[in-house]
Structures are given as C-alpha cells and as structure tokens.
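Hi,

Here is the structure I promised to pass on. Have a look at it first, and my notes follow below.

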Amino acid sequence: MASAAIVSSLRRRRSPSLEAFLAPVDLNEVALVRTLLTISMDLVLSFSDRPWPFQRKNSRSLIRKIEVFLVLLEFLRDSNSVLPSAAVLCFKELYLLLYRSKILLDYCVQSSKLWLLLQNQSISGHFHDLNQEISTLLDVFPMKELELSEDIREQLELLKKQVRRGKLFIDKNDEGLRLRLFSFLDDFGSGRIPDPVELQLFFVDRLGIRDAKSCRAEVEFLEEQIYGHEGDVEPNVAVLNGLVALSRYCRFLLFGFEDGEVEMSIGIKKPRKGLITQEVGDTFITVPQDFCCPISWDVMRDPVIISTGQTYDRTSILRWMEEGHCSCPKTGQMLAHPRLVPNRALRNLITQWCTAYGINLDPPDSPDSAVEIFAAALPTRAAIEANKATAALLVQQLANGSQGAKTVAAREIRLLAKTGKENRAYIAEAGAIPHLLRLLSSSNSVAQENSVTAMLNLSIHDKNKSRIMDEEGCLGLIVNVLIFGHTTEARENAAATLFSLSAVHDYKKRIADECGAVEALAGLLRDGTPRGRKDAVTALFNLSTHTDNCARMVEAGAVTALVGALGIEGVAEEAAGALALIVRRPIGAEAVGKEETAVAGLLGMMRCGTPRGKENAVAALLELCRSGGTATTERVLKAPALAGLLQTLLFTGTKRARRKAASLARVFQRCENAPLHFGGLGVGYAFARNSTTNTDASFSSEVSMQMPISVPVL
C-alpha cells in the first residue's frame with residue numbers, strides 16, 4: 001500500500017503523504033535504533049553497487065547520506081546511550097524518510113528506461129525533496145544532547161552543511177537524451193522516418209536496450225502508464241502513444257524476430273483471464289442484470305455513463321466508439337459528446353456483490369487491456385507515421401520470414417490493428433491480408449488464432465471488408481477456421497469475423513452460401529461459450545436480414561439453434577430478432593412452426609425478457625401467424641398465457657411493442673375462436689389501435705437489435 005501511494009505521488013510530481021506509512025510508535029528506544037539500522041544497512045547493501053541507467057548522481061548522493069545515518073545508528077547501538085525524547089521523535093521521522101528513499105530508489109531501478117527519461121525532471125525533483133527533508137531533520141536533531149564521538153559529530157555537521165547548500169540537480173546528459181527522444185517523435189510527426197543508425201545509437205548504445213525482449217518490456221511499461229494515466233500528469237496520453245509507436249517500430253527495425261521470441265510465441269501461450277460471467281456461472285450464482293454490460297454481457301469492471309444516460313463497461317463502450325459509432329448501443333440515440341462519467345455508485349455495488357460471493361473483480365491490468373485505453377486517444381501524426389512504418393516491417397516479415405517469425409508478426413499485426421482505424425487501413429494497404437490468409441490454414445494453433453483475430457480486427461474498417469471478401473479463398477478459409485479451428489478463441493473470432501463482414505448487405509448471401517458457414521454458426525450457438533454464442537447469434541441475425549437466406553438458414557439447422565437460444569441469457573434477445581425476420585417467409589414460418597418449443601420460448605421472452613426482447617418476441621409471433629397459415633395461428637392462439645401477456649404489453653410495453661401487440665390482437669380478433677380466449681383484450685386492444693397510425697410498414701427496421709462487435713485482445 002505504501003509503495004503504491006509513493007509511486008502514484010511520484011507520477012504526479014509532488015511529495016508523498018506521510019499517511020502512506022505508520023511510524024513505529026510501539027518500539028522502544030533500543031528496538032527503534034535496531035530497526036533503523038537494519039533498514040539503512042539494507043538500503044546501502046541493495047543500492048550501493050547498482051549500475052544506475054539514469055539519476056546516477058542523485059541516487060548515489062542519497063545513498064551516501066544514508067551511509068552517514070548508518071554510522072550514527074551503529075554507534076548508538078554499540079554505546080547503549082539513552083535517547084532524549086527529541087531524538088526519538090527525529091528517529092521516527094527518519095524511519096519514514098528511509099522508507100520513502102527506498103521506494104524512490106526502487107522506482108528508479110524498476111521503471112523502464114524510456115519512462116525514467118520522460119520523468120527525468122520530475123524524479124530529480126523528488127530527490128531534491130528528500131534532500132530538503134534530511135536538512136530539516138538535521139536542523140532539529142539534538143546532537144548536543146547525545147554523547148557522540150568527535151568523528152561522528154563532524155560527519156553529521158558536514159552532512160548538515162551539504163544538504164543546506166543542496167540544489168535541484170538535473171543531469172544534463174539525461175536531459176539531452178530526453179530531448180533526443182522527442183526529436184525522433186518530431187521526425188515522424190513531420191513525415192520523416194528517423195535514421196536507423198541514429199535509432200541504433202540511441203536505443204542500443206545510449207539506453208542499453210539490446211534485444212527484442214528488453215524493447216518489448218519498454219513498450220509494455222509505457223502501455224501500463226497509459227492505462228493508469230491521470231489527466232494532469234505529463235507527458236499526456238497522446239505523447240505516450242507516440243512513444244509506444246516509436247518503441248514498437250524500433251523493436252522490429254533493430255532486433256527483428258529473435259529466436260527466443262519466436263520459440264516463446266510457438267510453444268507458450270500466455271494465460272488469458274476468463275470472463276467474470278463465466279466464473280460466476282461456474283458457481284451457479286445469478287448475476288444481477290444491472291451489473292452486466294449491455295455490450296459484452298460480462299460483469300462491468302469499470303462502469304461509465306455516456307451522454308444518453310446509459311451505463312456500459314468502459315472498455316466495451318470505448319471499443320464501440322473506436323469502431324466509428326456515434327450512437328448509443330442500447331437506445332440508438334446520437335451521442336451529444338464522447339465524455340464518459342464513472343458510475344461510482346454502481347461500481348461500489350458490483351464490488352460489494354463480488355466480495356460477498358467470493359468472485360474476483362480485478363481491474364483490467366494487462367498490456368492488452370491497456371491497448372483498449374490508449375486506442376481511444378486521438379492519435380498524433382507521429383504515432384500514425386510510426387505505426388505505419390511498423391506495419392510495413394511486419395508485413396514484410398509475414399511475406400518472407402520463417403514460420404515462427406510469421407506467427408509473431410501475425411500477433412503484432414493483431415494488436416496493432418486493435419489500436420485505431422488508421423492502423424487498420426495502413427496494415428491492409430501494406431498487403432497484410434493475403435499473407436494472413438495463408439496462416440489461417442496453419443497447423444500451428446497460435447499462428448491460426450493470431451491470424452484470424454488479426455483478420456477480424458482489420459475487417460472492422462469498412463474498406464477492408466471488400467479487400468477480405470475479394471481475396472480468393474479467404475472467406476472459405478475463415479469458415480474453415482470456424483468449423484475446424486484449433487482453439488475455442490479461433491473459432492469464436494472466425495464467427496465474429498463473419499458477423500463483421502456481413503454488415504455489408506451484398507456479402508450476406510455469399511457468406512450464407514459458403515459451404516458449412518451457417519451450420520457452424522448454428523453449432524457454436526448451441527454448444528459454444530457465452531462469448532462464442534454471442535458471436536454466433538449476432539452473425540446469424542445479420543444473415544437473416546437478407547431475404548434470400550431464409551431457405552439456407554432452415555436447411556442448415558439455424559432455426560432450431562435460434563429457438564433453443566430463446567432460453568439462454570445473453571443471446572435470447574438476438575435470437576428472437578433473427579426468428580422475427582426468418583418467419584416473414586413462408587418456409588421460415590413453417591420451420592419455426594414445427595419447433596415444439598418455439599411458441600413457448602417466445603412467450604417466455606414476452607414475460608421475462610428485456611424491453612427489446614419483448615418487442616422482438618411479439619414481432620416474431622405476429623409474423624408467424626401471418627406467414628404460418630391457419631394451423632400455426634391456431635397453435636399460437638391456444639397458448640393460455642398469451643392473453644395476459646398481450647394486454648400487459650399493450651399498456652406497459654415500448655411504442656414498438658404496443659404496435660406489434662395491437663397488430664397481433666387484430667389477427668386474433670379475425671379468428672372465430674378469438675372471443676373464447678381473448679375476451680379480456682377489448683380495452684387494451686382499443687387503446688393500442690387508437691394510438692397507432694402506421695402498423696408494419698417496414699418490418700426489418702422494426703426488429704429491435706443493437707449489434708456491437710466483440711473484438712477480443714488475446
């Protein structure tokens with residue numbers, strides 16, 4: 001806790017609060033001296049011989065000051081002197097000062113070299129703050145009341161004079177390197193690619209970053225700073241994005257694809273945190289619906305409110321906005337502004353609920369999660385140009401590298417394509433798609449998963465959809481991954497890719513006609529994970545909006561899968577929407593009518609579904625009666641709960657739901673047995689009919705669905 005407090009204050013360029021620590025109030029004089037002696041000795045032994053990349057003079061000067069205190073403490077331990085009360089108070093203050101010194105020195109050792117350069121002036125200021133506090137401590141230290149040896153007294157007096165004269169020291173060499181770093185950004189910002197020789201000299205010779213692993217660690221550290229960035233901290237997120245792009249470019253330009261990195265990518269897969277919802281599901285606990293993000297259907301880690309008043313998880317809504325959407329995913333209203341307001345009240349409730357049930361609710365703290373945060377920042381010209389140069393290097397490696405190096409390149413393209421539409425455009429323009437296509441059939445599971453996910457991220461950019469669909473054999477290979485993919489993530493991301501591509505109307509028929517595509521989506525909807533089902537049902541919904549796909553959906557078993565999904569939380573709303581479209585065609589209505597649980601499932605949605613789910617369910621029943629013939633209408637008519645549900649919708653449903661319910665009521669009134677079952681509908685029906693002027697002019701536009709794409713960073 002103390003370390004976190006100090007590091008946070010370091011980043012904000014102000015002195016840490018003393019509340020970060022608790023002074024050892026319960027220690028007697030002897031124990032206090034021994035404790036201080038142990039801490040001082042540990043500091044001296046730990047940091048004296050360290051090679052300091054930056055802040056050398058400040059760090060070594062602080063250690064020498066601590067060495068003087070170490071000599072004093074050793075003398076007091078050996079002499080068994082009685083400490084006056086003023087000395088005890090000073091030593092308690094020294095306890096805090098020593099711990100702050102340790103954290104500052106640790107910070108200089110553990111931080112990335114690029115970050116230390118960026119914070120050069122700020123960290124120098126903190127060393128100066130400690131120097132001032134040592135001066136204050138020595139001013140009030142009661143040396144005259146202690147029986148000290150002459151040499152120790154002289155050392156303390158000399159230290160006292162030195163710290164009084166001490167001034168803020170900023171190393172000129174470190175500052176020169178910092179300015180040189182920014183000059184590389186200026187080069188990219190001006191449309192010039194920095195000289196590779198200069199980059200080699202700076203990164204390798206001056207900074208000591210000598211391999212791909214070290215450079216990757218620098219990138220990841222900077223990304224973590226972006227994720228935890230506070231608005232008043234320098235440099236700002238835009239500058240940090242540029243530095244991340246520059247560092248990533250240098251990683252591949254200077255170090256290529258080292259053997260160790262290739263082997264790591266092939267043989268070892270980084271464990272990925274599962275969905276909180278999946279963890280909850282394993283414990284058979286019902287998650288409150290208000291705790292789940294309407295986009296991801298996962299429990300919200302960081303709920304935020306957008307301009308329409310709706311709440312979403314921060315990473316999901318940022319991804320939605322990054323894809324170019326300017327509307328609310330839930331209501332469809334245009335966003336008045338892009339600002340996100342933390343919903344702290346809901347966050348506290350979610351935290352309390354997770355704590356009560358022993359569910360882990362860690363904030364997204366991986367580098368992949370950091371990608372979500374800095375993707376939302378407006379890219380600078382420097383970042384755009386650096387990423388463009390990086391894309392060219394990666395595509396070149398995809399084309400000519402070894403099989404292992406191609407796997408690494410695919411992974412990096414996947415991540416780069418996650419961070420902005422400009423990057424997606426540049427990667428495709430550089431010719432990545434044909435090379436990624438070849439990896440889709442790779443026997444290496446990591447290569448296949450990276451390539452299909454990269455294809456998914458690229459497909460979000462509208463112009464790339466045509467590039468993918470026009471590439472010979474690409475659609476078939478994506479479907480092949482959906483059917484035979486080596487990993488669950490690969491199959492799910494293949495389904496999400498089909499959904500993304502099906503946003504273009506002309507491609508919906510081609511996708512549905514591709515051998516095995518609809519069958520595989522139906523299978524994923526039946527047997528997939530929660531995220532896989534979500535990807536599958538959204539893809540099937542998109543395909544069902546093309547009227548010529550109805551027969552294909554029936555033939556492939558999609559209707560059965562959609563009916564089964566009516567009872568699955570998280571996908572029921574989309575399933576009802578797809579069925580509402582399918583039953584508009586007689587062949588679709590016949591297929592749905594043959595499903596024994598179809599009517600019951602739609603009624604269940606009307607009873608317990610979301611407002612949009614209820615709209616879709618009543619719309620599906622209405623179209624089922626219109627297109628399914630007399631027998632189907634009779635079957636729906638005989639459902640005993642329908643009268644009450646219709647009447648409830650007529651009074652409490654949304655405007656669309658009331659319109660659909662009124663139309664369905666009119667269908668039943670035309671049936672000769674209607675009075676037998678719907679005698680109680682008169683008032684509600686009349687109210688809805690009088691309030692409705694246009695019933696069902698365009699059904700496809702009446703299906704209430706929002707389709708946020710799910711793009712995981714693995």
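**What I found**

Strand E1 (residues 303–305) and E3 pair in the antiparallel sense over 2 bridges; two strands pair here if DSSP finds at least two bridges between them. Helices (H or I, at least four residues) and strands (E, at least two) are DSSP runs, numbered from the N terminus. In that pairing, Ile305 sits opposite Val341 of E3.

A quick note on the source: this is a predicted model, where local features need pLDDT of at least 70, side-chain atom pairs count only at pLDDT 80 or more, and totals for chains, interfaces and linings use all residues. Residues are numbered from 1 along each chain as its sequence is written, and side-chain values use heavy atoms, with hydrogens and water left out.

Back to the sheet: it is open, with 3 strands in the order E2-E1-E3 and antiparallel pairing. Strands E2 (311–313) and E3 (341–342) are at the edges with a single partner strand each, so one side of each has no neighbour in the sheet.

Just after H19, Gly431 takes a positive phi of about 95 degrees.

Cheers
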